[in-house]
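Hello,

Here is the structure I promised to pass on. Please open it alongside this note; my findings follow below.

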Amino acid sequence: MSLEVATVVEDAVEYSFAMEYHGPPITRELPRAVPINVDRIPVAAVVSPTPFSDNLSLPIVQPISATDIISKKLPKDLKLSSSSAELLTVSPTSVIAFDLRNNEVSEGSYSKELGLGTETSVSPSSVNNSLGEREPESCLNNDICALSGELSSDFECCNPNGGFVGRVESSGALGSSDSFEKSREFSGSLSKSRLSSGFKESIDFNESNRTDWESNESVLSVDYLSSRVSSRKFGDGNHESNCDVRRAPVVTFCDIESDDENINEEFSRSEPEVVRAKKEPAIKVRKGACYRCLKGNRFTEKEVCMVCDAKYCTNCVLRAMGSMPEGRKCVTCIGFPIDESKRAYLGKCSRMLKRLLNDLEVRQIMKAEKLCEVNQLPPEYICVNGRPLYHEELIMLQSCSNPPKKLKPGNYWYDKVSGLWGKEGQKPSQIISPHLNVGGPIKADASNGNTQVYINGREITKVELRMLKLAGVQCAGNPHFWVNEDGSYQEEGQKNTKGYIWGKAGTKLLCAVLSLPVPSKSSYPSGEQATSMNNWSRPDYGEQRAIQKLLLIGYSGSGTSTIFKQARILYKDTPFSEDECEHIKLVIQSHVYSYIGILLEGRERFEEESLNELRQNQSCDGSTLAEHLEGNGEETLYSICPRLKAFSDWLLKIMASGTLEAIFPAASREYAPLVEELWSSAAFQATYKRRSELETLPSVASYFLEQGDLETSKAVEILKPDYKPSDVDILYAEHVTSPNGLSCVDFSFPESAYDDDADSGDLHDSLLRYQLIRLQAKGFGENCKWLEMFEDARIVIFCVSLNDYDQFAVDGDGNLLNKMMLSKKFFENMVTHPTFDQIDFLLLLNKFDSFEEKIEQVPLSKCDWFDDFHPVMSRNRSNSNNANHPTMGQLGFHYIAVKFKRLFSALTGRKLYVSLLKGLEPNSVDAALKYAREILNWDEERPNFSLSEYSVYSTEASSFSH
Amino acid sequence: MSVAELKERHMAATETVNTLRDRLKQKRLLLLDTDVAGYARSQGKTPVTFGPTDLVCCRTLQGHTGKVYSLDWTPEKNRIVSASQDGRLIVWNALTSQKTHAIKLPCAWVMTCAFSPSGQSVACGGLDSMCSIFNLNSPTDKDGNLPVSRMLSGHKGYVSSCQYVPDEDTHLITASGDQTCVLWDITTGLRTSVFGGEFQSGHTADVLSVSINGSNSRMFVSGSCDSTARLWDTRVASRAVRTFHGHEGDVNTVKFFPDGNRFGTGSDDGTCRLFDIRTGHQLQEYSQPNSDNEVRHVTSIAFSVSGRLLFAGYTNGDCYVWDTLLAQVVLNLGSLQNSHDGRISCLGLSADGSALCTGSWDTNLKIWAFGGYRKVI
């Protein structure tokens with residue numbers, strides 16, 4: 001029903017009243033006015049004259065006297081009609097007759113409408129008359145046109161007078177259309193002609209008695225509507241004073257009359273409100289039922305649309321509201337502003353929604369609901385010191401440290417000096433942040449006081465005066481006070497502060513008794529701007545800090561996986577799950593077999609070598625050759641017994657075919673004893689002693705093969721089926737983490753960490769979650785497109801293995817390059833990647849322990865990049881344990897660190913953080929990750945540091961700038 | 001033969017290949033007397049014109065909390081699956097903008113997603129180098145998460161793109177950062193064939209996109225970081241049927257033309273191109289000089305059902321609608337009032353061509369449809 005009405009109104013807007021309709025054929029039935037049977041028209045009961053006298057006497061005269069055109073008019077349409085330019089032979093008491101005339105003379109419309117607007121509020125009896133007299137005119141269609149014409153004229157009129165008339169009119173007309181469906185009992189006789197009947201209805205309710213509006217929603221809705229339209233002046237009052245419907249249009253009328261300059265602005269505003277006001281659920285349902293499935297009763301849990309008040313049950317809410325891009329609104333209501341009465345519920349999630357959606361979605365919807373633009377309080381509804389706010393002003397008002405509580409549309413006054421805040425015409429209700437540049441200058445009669453005592457140019461109310469007197473402020477002689485936000489007051493024109501109003505404890509109590517505001521504690525006299533800034537930015541900040549992403553990258557072999565495993569071991573209660581352990585166990589076992597295979601391969605080589613040697617020796621000494629061959633059967637130190645030999649050959653064959661991994665862990669039970677035997681054989685031990693000659697054997701092999709004494713091999717332990725890898729085993733094991741792609745671990749630094757560094761002892765810090773993401777260097781390719789996915793990383797931890805400087809690897813093009821140079825190239829790629837142009841880099845120089853050993857033997861200048869490394873070593877190198885003299889390793893580290901820092905600052909102009917690392921030592925990794933955390937903390941505090949302070953801090957922390 | 005000698009010979013061979021390629025290019029240029037736009041103009045074709053209200057955003061699908069990376073429509077119903085950096089796949093009903101499924105992924109860094117032809121399952125892939133298949137009908141576990149019904153593992157690099165073979169729920173083609181494309185058998189979880197790779201004449205850099213020919217599902221085309229697109233026959237894995245040169249940057253996206261005889265590409269060089277798979281010629285280049293000289297890449301393309309329109313998303317948030325015949329921009333969706341705030345990362349047309357869905361780094365998806373009485377072209 002309401003939908004139909006709505007379309008009628010919409011159409012009415014489109015049709016200009018003077019034009020013929022040329023649009024597409026109308027599918028629905030045209031509203032038709034039926035000849036009215038006078039007897040059946042509900043005749044208004046004669047209203048007792050008393051309520052009229054006080055309501056009508058004052059407001060009507062003002063507007064008319066202010067307008068030139070109708071200056072002489074009295075609130076009687078008799079006079080109105082006589083004064084208008086066109087004199088028609090219609091009955092002077094007929095309202096509708098004016099409408100007809102309206103068709104002929106468009107300029108006359110405003111006066112007519114004015115008359116109508118006036119009339120509706122004034123003389124119900126005349127309306128009845130007019131309706132009666134309309135009948136003979138029999139221009140029914142014209143009638144309708146005229147009525148719809150009134151509506152359209154509301155929007156088209158640019159004449160200020162017409163404008164305000166239009167507003168009054170639109171409220172009336174809409175009111176009628178709204179009220180129509182809710183008050184069918186009145187319009188039953190005229191049901192065909194909707195507009196006119198609605199119109200009539202609105203007239204009806206004008207004369208209807210009080211009991212009527214209480215029972216009838218239509219009155220309320222009209223009241224609501226008119227209050228909307230006139231909210232600038234009337235907004236506040238209407239909720240309290242909605243007992244008198246008739247007064248609404250009248251008051252509006254006066255208000256607009258009183259300030260002409262805003263009329264156009266107001267007019268344009270009233271338009272969306274018309275749209276808004278008619279936003280009602282598309283269907284009417286039984287009270288308490290779901291609007292979609294029409295089931296349920298008052299007690300079933302329902303979610304309400306913020307716009308049209310439609311209620312939906314659990315099953316329907318997601319269907320009816322879709323993905324809720326603007327919060328809880330029906331899909332059809334998206335884009336419409338919310339019902340102001342529901343503003344308090346914005347962003348407050350119901351239990352039902354929580355049950356239906358997951359946390360993340362609920363949070364997102366609530367955020368959208370609170371922050372999306374259409375749901376914001378329209379700034380023009382808030383009028384401060386007589387001027388509607390602009391968008392920025394409203395934001396300022398809401399974001400200040402001490403904002404007005406429960407800001408509703410309405411008129412307020414605001415004393416910028418003291419921060420006093422109140423509703424227009426009333427005593428102050430609150431003290432908000434002072435010095436906000438919102439609204440116009442305060443008016444003397446803002447709080448409608450009559451005490452002749454002024455505070456900051458505002459005449460204060462009696463209550464305030466009483467408070468001032470009781471607070472001991474001298475108020476004799478009607479002084480004009482100047483009150484600051486801290487309560488200090490002085491008389492206008494004088495310099496000395498006379499005292500503090502809220503200084504005494506008693507005053508606050510007094511204020512509470514008189515329900516006057518006192519300054520809140522949080523409002524500081526200074527630094528207002530700063531605090532408001534903080535308030536505004538904090539929520540965002542908090543979300544951003546929810547999880548901090550640390551990106552761990554490095555060239556292959558740089559030890560990123562060790563760091564990753566260390567982080568898991570350090571910060572997780574169960575570093576590796578059962579499944580992972582099982583997987584790691586198999587990986588380690590197959591690794592051990594491959595180590596053994598490599599050793600066996602070496603053994604064969606050594607055996608051959610030693611045999612050749614033997615033969616050479618023997619060929620020199622030809623006589624003994626034969627004996628040797630017979631006796632020893634080519635036995636050398638590296639020879640093994642045939643059984644082991646068979647195993648060895650088989651193993652080597654498998655390795656060559658590359659199916660070791662497929663076979664081995666499974667066949668382990670069978671071959672483990674053989675391995676034990678093999679390990680204890682002298683030949684194998686001899687080979688193992690020469691393991692440094694086997695380049696393919698990784699350095700970690702020795703960890704897995706031997707443990708302490710050579711007699712009981714760790715390999716034997718490992719190959720047992722019930723072997724459980726220890727954390728250290730896992731740490732040493734290669735390729736146990738996901739072989740390709742990336743791996744990540746969420747952790748937070750344990751509490752105990754704060755004992756040793758006091759200055760980062762923020763309690764909330766321990767709640768911070770970190771996510772260490774390890775990226776595999778393999779498959780990075782040239783441009784690393786997908787690094788864009790990591791633009792939210794807080795820091796990039798780049799890992800370089802220090803002892804790469806003398807090692808070589810094959811790059812993509814098949815060239816053999818120094819691994820350090822490859823690392824450097826990769827580093828350059830990463831730091832210049834556009835994704836990382838704002839992100840800090842932490843360089844971890846890994847494997848410092850083995851580097852220290854290596855640098856003593858292999859000069860650093862083996863790598864081209866480090867050819868100008870000329871360490872100045874103290875002459876007495878023998879006592880290098882002296883702390884004052886850095887070791888060669890330390891010098892080398894500093895040198896490489898500086899090399900990287902220079903490279904970094906040349907590429908980006910920023911500062912590189914460097915730390916050294918021993919990947920296998922948990923403490924070292926822990927320190928490095930905590931250093932990364934410190935960098936993040938500094939980052940956040942950076943703006944707070946003065947420049948010098950900061951640079952000192954960082955230089956010291958990154959330990960060696962140069 | 002010594003290493004130096006080998007290197008020399010390799011150098012010489014590369015040189016020869018390059019000169020031959022150049023000659024081929026010259027020859028092609030000689031043979032091409034016109035391009036599509038020139039021919040269409042000479043035939044008196046007039047460009048399509050769009051008013052500002054002809055293509056309007058009619059839905060905003062909000063629900064992701066991270067950048068949207070990929071989307072796909074179901075062939076038969078109006079459902080969309082989208083993949084985002086918040087680590088979720090969301091299945092939407094495009095008509096009602098409801099979410100029908102939200103799937104939490106084991107690896108948050110997802111790059112691609114696809115709907116199966118039957119609409120029963122979705123596939124996704126990303127930096128975990130796996131392609132995960134989710135059956136939408138399978139029951140959720142106790143946390144409300146949909147379990148992975150199959151993991152296709154075998155790629156050695158990230159999975160950049162995946163597409164189901166039309167009308168087959170059991171076969172899927174993926175493209176990967178390991179320079180290969182793989183045809184998978186989902187029922188067994190094994191690779192049926194690998195296209196490209198170490199010893200084969202495949203792409204020489206990361207493959208970023210695949211598109212399967214709609215009219216002949218044995219043919220598919222792939223676009224790669226080596227700035228080429230290659231046409232493959234699924235029956236011949238060993239070598240590409242044809243290699244299409246022309247782009248001067250990574251080929252980010254490829255899409256078959258509706259008739260299956262042409263395909264479009266979008267690249268880091270900011271252009272889209274149209275290639276003919278039978279002649280191997282480039283038919284048309286679609287590029288427009290950017291006003292503010294900033295480099296913008298084409299992230300994703302889609303053709304309208306007739307092929308007359310080409311929708312192309314750019315990294316700077318533009319989304320052009322090209323007239324494929326006259327190579328003119330008809331409309332820029334990125335300049336419309338309610339457009340995306342961030343880069344448009346993916347777009348796709350519904351099966352009936354009535355709606356376009358765009359996904360963006362601003363975490364939203366938007367559905368665009370023809371407003372008014374305009375017919376679908």
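Leu551(A) stands opposite Ile773(A), a residue of strand β15 in chain A. This is a predicted model, so please read the pairing as a prediction.

The strands behind that pair come next. Strand β13 of chain A covers residues 547-554. β13(A) runs parallel to β15(A), residues 769-775, and six bridges link them.

β13(A) has another partner. Strand β16 of chain A, residues 795-801, also pairs with β13(A) in the parallel sense, here over five bridges. In this pairing Leu550(A) stands opposite Ile795(A) of β16(A).

How many of the eight residues of β13(A) are buried? Seven are, so the strand is mostly covered. Buried here means under 20% relative accessible area.

Now chain B. It holds 28 strands and two helices. Of its 377 residues, 57% are buried. Take the contacts in chain B between residues at least 6 apart in sequence: 48% of these join residues at least 24 apart.

Last, the confidence scores. Chain B has an average pLDDT of 88. In that chain, 96% of the residues score at least 70. For the model, ipTM is 0.82 and pTM is 0.59. One caution: where pLDDT is low, the predicted coordinates should not be read in detail.

Best wishes

Definitions and conventions:
Residues numbered from 1 in each chain as written. Chains lettered and ligands numbered in written order. Predicted model: local features only at pLDDT ≥ 70, side-chain atom pairs only at ≥ 80, totals over all residues. Heavy atoms only, no water. pLDDT = per-residue confidence, 0-100. Buried < 20%, exposed > 50% of the residue type's maximum accessible area, 1.4 Å probe, protein only. Helix = DSSP H or I, 4+ residues; strand = E, 2+ residues; numbered from the N terminus. Pairing = 2+ DSSP bridges. Contact = heavy atoms within 4.5 Å.
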